[in-house]
Amino acid sequence: MDYGDGAMLGDKVLQSHGGEKPHVWSSSEGGCKIDIGKQIFCNRSLNMRNIVAVGFDMDYTLAQYKPETFESLAYEGTIRKLVYDLGYPQELLEWTFDWKYMVRGLVLDKKRGNILKMDRHKYVKVAYHGFKELSKEDKVGIYGNRLIRDTFDEPDYALIDTLFSLAEAYMFAQLVDFRDKNPGKVPEYFHMYKDVRAAVDLCHRDGTLKQMVAKDPKRYINEDTAIVPMLKMLRNSGRSTFLVTNSLWDYTNIVMNFLFASHALDDGINCNFDWLQYFDIVITGSAKPGFFLDNCANIFEVEPESGMLLNTDNGTPMPQVGNTSLKVLPKGLSKRCRVFQGGCVGHLHKLLSVESSSQVVYVGDHIYGDILRSKKVLGWRTMLVVPELEREVELLWELREKRKQLRLLRNERDLVEDQVHHLKWSLKFESLRDDEKRNMISTLGDLESRRDQVRLAHQQAQRDCHQKFHRIWGQLMKTGYQNSRFAHQVERFACLYTSQVSNLSLYSPDKYYRPSEDFMPHEFHILPM
């Protein structure tokens, strides 16, 4: 597997977490080899020289939440809402959350209480009912024997496509097991999932989660000292930069202050507006993915100091009636930077003076809310942030010899099976002497024994390899030998993908990203790899 000239493992050349000085491309230390876990991977050619504006999501993109604390906080809040607001049994309050159990790309079968992992062709390869693995026969019986194939989409299925969804997926599995052991104590599976979603929404609406994060951002958000140098480099290269987030202004300002100050005070964050100098436009409360679709949404300007919303005429300031007037921007803040709430992508294009949607790159973490809609509807260029990717590619590098052995075992298995089939055919249709038949039967027995040995060795080796990535679900981007459904979505809709947003700082702002060559199966063993 070729990771390019920049691939390097073990000798770390960048540490953007933990306060060490980041070696950005534009610095004197820049331009060095890039650690494999920090590389940007390309699905579709993207010439950054053609890009005039680079935009970012905030949650899980600029702000990478710590799953061990933030997801646990979300889980605990949701459990309390289920018990105290939706009448679920008190036993749920004793439950605990394993934040490492679920992965992105899974599909929840709401009606049957199953959790599925499927390949790019939507064939179910791994399936659990709650925490109990389904047998191959059960999988085929439920999802394989149909005249019309299931689409595995809403309303009967739920896609776990964000990191924030992992806690609710784990809770759904717990509730499935609880219901099976305690019939009648909780509703049926489909209604149970609706209640979990309602409880999650309640946590968001009453501000439970964000209040806790605002009190101690360092506990819940990773520091990344490469974000500021990255934005400086992009702006110095002549690009506009913008932020589009579903979070409202008050929470956005707290999180961005933490990220750009890279420290927390004992009494909380001392908020200011210095971070706004790194953006031309900030849009809060954007309600993505509706932001990309709804051309009728009103846009309001946000007064940073008070948080007050001011009416605009499609983004143009309007005189206020009475004594209220637009306040002067805080001292030192670039007059070009403006903060809004709501609106739609048409407003953003106008504010940025963008002539073509293909001149915009948007960086986000949500395959549907950020990437699919912006790519499919608008034609924006896209970069998906996949934090899990860093460990995945490093493991791929470490296991490259084992993966070669897997391929050899698979080839041997195919060869032995072909020999078995040929001997069986000969015994059935050819006229043979008795001694020839006895020899063939003996050889067939040896081959069938060898086939079984190779099959078991191959299956065990493949299982061991996948469990290196995750003990239950295996490799994020693979299901068996096929790309996973999640990988298929990444390939379809993300022009670029990488493990964290600040990896952009390691590359020239004028870089021409080019994809690797695609290979069809008939080319795989012919062309050199």
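## Strand pairing

In strand S8, Tyr157 is the bridge partner of Asp109. Strand S4 (residues 106-109) and S8 are paired in the antiparallel sense over 4 bridges; strands count as paired if DSSP finds at least two bridges between them. Strands (E, at least two residues) and helices (H or I, at least four) are DSSP runs, numbered from the N terminus.

The open sheet has 5 strands in the order S7-S6-S5-S4-S8, with antiparallel pairing. Strand S7 (132-133) and strand S8 (157-160) lie at the edges with a single partner strand each, so one side of each has no neighbour in the sheet.

## Basis and confidence

This is a predicted model, in which local features need pLDDT of at least 70 and side-chain atom pairs count only at pLDDT 80 or more, while totals for chains, interfaces and linings use all residues. Residues are numbered from 1 along each chain as its sequence is written, and side-chain values use heavy atoms, with hydrogens and water left out.

The average pLDDT (the predictor's confidence in each residue, from 0 to 100) is 86, and 87% of the residues score at least 70. Residues 1-20 stay under 50, and the model gives them 50 contacts beyond four places in sequence; a contact means heavy atoms within 4.5 Å. Over residues 323-329 the pLDDT is also below 50. Where pLDDT is low, the predicted coordinates should not be read in detail.

## Helix contact

Residues of H3 that meet H4 include Met171, Phe172 and Leu175, and those of H4 include Tyr193 and Val196. By class, this contact has 9 nonpolar, no polar and 4 charged residues; Ala, Val, Leu, Ile, Met, Phe, Trp, Tyr, Cys and Pro count as nonpolar, Asp, Glu, Lys and Arg as charged, and the others, Gly among them, as polar.
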